[in-house]
Amino acid sequence: MIAKTLVKASQDVGPQGDIVSLEGVSKTFSNGTVALKDLSLGIRAGEFLSLLGPSGCGKSTALRIISGLTGPTSGRLRWPQETASQPEHELSFVFQEPTLMPWATVFGNVWLPLRLKGISKSAARDTVMEALEMVGLASFAQSYPRELSGGMKMRVSIARALVTKPKVLLMDEPFAALDEITRFKLNNDLLALWQRFGWTVIFVTHSVFESVYLSNRIVVMAARPGRIVNDIAIDAPYPRTEAFRTSTLYADHCRSVSQALHSAMDANDHL
Ligand SMILES: Nc1ncnc2c1ncn2[C@@H]1O[C@H](COP(=O)(O)OP(=O)(O)OP(=O)(O)O)[C@@H](O)[C@H]1O
């Protein structure tokens, strides 16, 4: 079952459609930790891809390499669709912690990436308000982070990522610290935005259930050294709703992804 899904997902991946690819990427930190070893992965434009794996398998490191925050020790990162006339791949990063500036309003926090590009408050106003509307927080523009719930703070963090109109959204366990109801709501809102805007999303999570609900492709990783052990297509149609969460199809996908994850963890038992 898992071997079959592995073949299917990899057949669907063609270099032509890749928006970004990691080619034979390894990352060894200065203390000798091999976070990633010979990792190759092509991510297609418009894909909602989850990196799923146990703690320490290199999910965040892979995401940081894609973002350019750190470089590989060997191998390379490519943006195949980039042209000389348009060299900038527009991406944004959403971290697990919303990391908002407590002294600034919601508006001020979302304005920050534009402000860093030299765009004044008045010139940025419409774009900032548009991003806040996308996450349902337009009426909280003048509030301060301390006045917001955890879910609302994460929405501000997402608005701040969207304000630059990225094509690629990198998300490192963005909803892990939220309660289940809030997480489900944000899952639904994120999917609705993804369907509307057609971004490529690369989403790091520990959760089988969250990865199956959101993704059309799940890349399962194992640790020591960090590597890919399975590549699974989740071919359930979108929009996915609460009805999908309780469907047999969802349960079947969760079962096979869970088996893949357990195999990934078993692979380290003898190390
Ligand atoms: N700056 C660093 N220096 C040394 N080792 C590091 C550094 N960053 C990460 N590591 C190590 O590299 C390995 C992969 O870390 P990474 O954070 O990418 O894993 P992860 O799968 O995202 O883990 P988690 O799910 O716990 O966040 C781990 O063993 C980690 O301890």
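This is a predicted model: local features need pLDDT of at least 70, side-chain atom pairs count only at pLDDT 80 or more; totals for chains, interfaces and linings use all residues.

Q: How much of the chain is buried?
A: Of the 271 residues in the protein chain, 38% are buried. As for the contacts between residues at least 6 apart in sequence, 74% join residues that are at least 24 apart.

Q: Now the ligand: how many residues surround it, and which are the closest?
A: The ligand is surrounded by 14 residues, and the closest are F29, A35, S55, S60 and T61.

Q: What is that shell like by class?
A: The shell around the ligand consists of ten polar, three nonpolar and one charged residues.

Q: Which helix gives the most to the shell?
A: That is helix α2, residues 59–67, which contributes three residues to the shell around the ligand.

Q: And which residues of α2 are buried?
A: In α2 the buried residues are K59, T61, A62, L63, I65 and I66, and T61 is also one of the residues closest to the ligand.

Q: What comes after α2?
A: The helix is followed by G68, which has a positive phi, near 90 degrees.

Q: Changing topic, how do α3 and α4 sit against each other?
A: The axes of helix α3 (residues 106–116) and helix α4 (residues 121–134) come within 9 Å and cross at roughly 110 degrees. With that angle, α3 is roughly perpendicular to α4, and the crossing of the two is right-handed.

Q: Which residues make the contact?
A: From α3 the contact uses V106, F107, V110, W111 and L114, and from α4 it uses K121, A124, T127, V128, A131 and L132. By class, the residues of this contact divide into nine nonpolar, one polar and one charged.

Q: Which residues of α3 are buried, and what do they pack against?
A: The buried residues of α3 are V106, F107, N109, V110, W111 and L114, and the buried residues of this helix pack against α4 and also against α5, residues 150–162.

Q: What follows α3?
A: After α3 comes G118, with a positive phi near 85 degrees.

Q: What about a positive phi in a residue other than glycine?
A: K165 is one of these, with phi near 55 degrees, and K165 lies in the loop between α5 and β6 (168–172). E173 is also not a glycine and has a positive phi of about 45 degrees, and the place of E173 is the loop between β6 and α6 (180–197).

Q: Last topic, where are the cis peptide bonds?
A: A cis peptide bond joins R224 and P225, with omega about -5 degrees, and P225 is found in the loop between β8 (217–222) and β9 (227–233). The peptide bond from Y238 to P239 is cis as well, with omega near 0 degrees, and P239 is placed in the loop between β9 and α8 (242–245).

Note on methods:
Residues are numbered from 1 along each chain as its sequence is written. Axes are lines fitted to C-alpha atoms, for helices over the stretch in contact, and angles run from 0 to 180 degrees between N-to-C directions. Helices (H or I, at least four residues) and strands (E, at least two) are DSSP runs, numbered from the N terminus. Angles under 35 degrees count as roughly parallel, over 145 as roughly antiparallel, 65 to 115 as roughly perpendicular and the rest as oblique. A crossing is left-handed if the near helix is turned anticlockwise from the far one by less than a right angle, and right-handed if clockwise. Two residues are in contact if their C-beta atoms, placed from the backbone, lie within 7 Å. Ala, Val, Leu, Ile, Met, Phe, Trp, Tyr, Cys and Pro count as nonpolar, Asp, Glu, Lys and Arg as charged, and the others, Gly among them, as polar. A residue is buried if 20 or more other C-beta atoms lie within 10 Å of its own, exposed if 12 or fewer, and partly exposed in between; C-beta atoms are placed from the backbone. A residue is near a molecule or strand if its C-beta atom, placed from the backbone, lies within 6 Å of it.
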